[in-house]
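Subject: Structure handover

Hi,

Here is the structure I said I would pass on. Have a look at it first, and then read my notes below.

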Amino acid sequence: MPYTKEKRCFERIHVPNICGMIELKNVKKEVSIINACSGGVCVAGVEMDLGDIVRLFIDHPETVGTISLYCKVVWVESSTDESGLSGLALLNTNRILFEQELESFGRLIASAAVNS
């Protein structure tokens, strides 16, 4: 198997039993969140194209309200039943405008890391 350099800057945390919604082209569809890190998430359940800009909504008991994050699809693993995996990079990089969302997302990841 050829060597491929790891491109991730942050450790991936397995986040079991967390679902969310993806808004893509004004249509919302449910997704399962497979793993997450400070820079993005891996989701399953919706087929997306490389480069798509989506909005990810996450409801979780550890957070206050819904976490809403803008993301870019940076990799896809296609499947015949539309349940392929997709890697989403967070675009909410402005820590002033998206402070609450990023803090809630960070608490979600920290909670998953402790419980795994």
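Let me begin with one residue. Leu88 touches Ile22, Gly39, Gly40, Val41, Val43, Met48, Val54, Cys71, Lys72, Val73 and Val74, leaving aside residues up to four places away in sequence; contact here means heavy atoms within 4.5 Å.

Before going on, a word on the source: this is a predicted model, where local features need pLDDT of at least 70 and side-chain atom pairs count only at pLDDT 80 or more, while totals for chains, interfaces and linings use all residues. Numbering starts from 1 along each chain as its sequence is written, and side-chain values use heavy atoms, with hydrogens and water left out.

Now the overall layout. The chain has one helix and seven strands, in the order β-β-β-β-β-β-β-α along the sequence. Helices (H or I, at least four residues) and strands (E, at least two) are DSSP runs, numbered from the N terminus. Of the 116 residues, 37% count as buried, where buried means under 20% relative accessible area, exposed over 50% and partly exposed in between (1.4 Å probe, protein chains only). Among contacts between residues at least 6 apart in sequence, 48% join residues at least 24 apart.

How do the strands pair? Two strands pair if DSSP finds at least two bridges between them.

- E1 and E3 are antiparallel over two bridges, with Ile13 opposite Ala36 in E3.
- E2 and E3 run antiparallel, joined by six bridges, and Gly20 stands opposite Val31 in E3. They form a hairpin with two residues between them, and Lys25 in the turn has a positive phi of about 55°.
- E3 and E4 are antiparallel with five bridges, and Ile33 faces Val43 in E4. They also make a hairpin with two residues between them.
- E5 and E6 pair antiparallel over six bridges; Val54 has Cys71 in E6 as its bridge partner.
- E6 and E7 pair antiparallel over six bridges, with Trp75 opposite Gly87 in E7.

Next, the core. The largest nonpolar core has 26 residues, and Met48, Leu88 and Phe105 have the most contacts inside it. Two or more residues each come from strands E2 (19–24), E3 (27–37), E4 (40–44), E5 (53–58), E6 (67–77) and E7 (85–90), and from helix H1 (99–115). H1 gives the largest share, five residues. By nonpolar core I mean a set of buried Ala, Val, Leu, Ile, Met, Phe, Trp, Tyr and Cys residues joined through side-chain atoms within 4.5 Å.

What about the helix itself? The 17 residues of H1 should span 24 Å at 1.5 Å a residue, and the end C-alpha atoms are 24 Å apart, which agrees; the expected span is 1.5 Å times one less than the number of residues. The buried residues of H1 are Leu102, Ser104, Phe105, Leu108, Ile109, Ser111 and Ala112. Their cover includes strand E1 (13–14), E3, E4, E5, E6 and E7.

Finally, two serines. Ser104 lies in H1 and counts as buried because its relative accessibility is 4%. A polar contact of 3.2 Å links its side chain to that of Arg107. Ser68 is in strand E6 and is buried too, with a relative accessible area of 10%; its side chain makes a polar contact of 2.6 Å with the side chain of Arg55. A polar contact is a pair of N or O atoms within 3.5 Å; within protein, one must be able to donate a hydrogen and the other to accept it, and residues adjacent in sequence count only if both atoms are side-chain atoms.

Cheers
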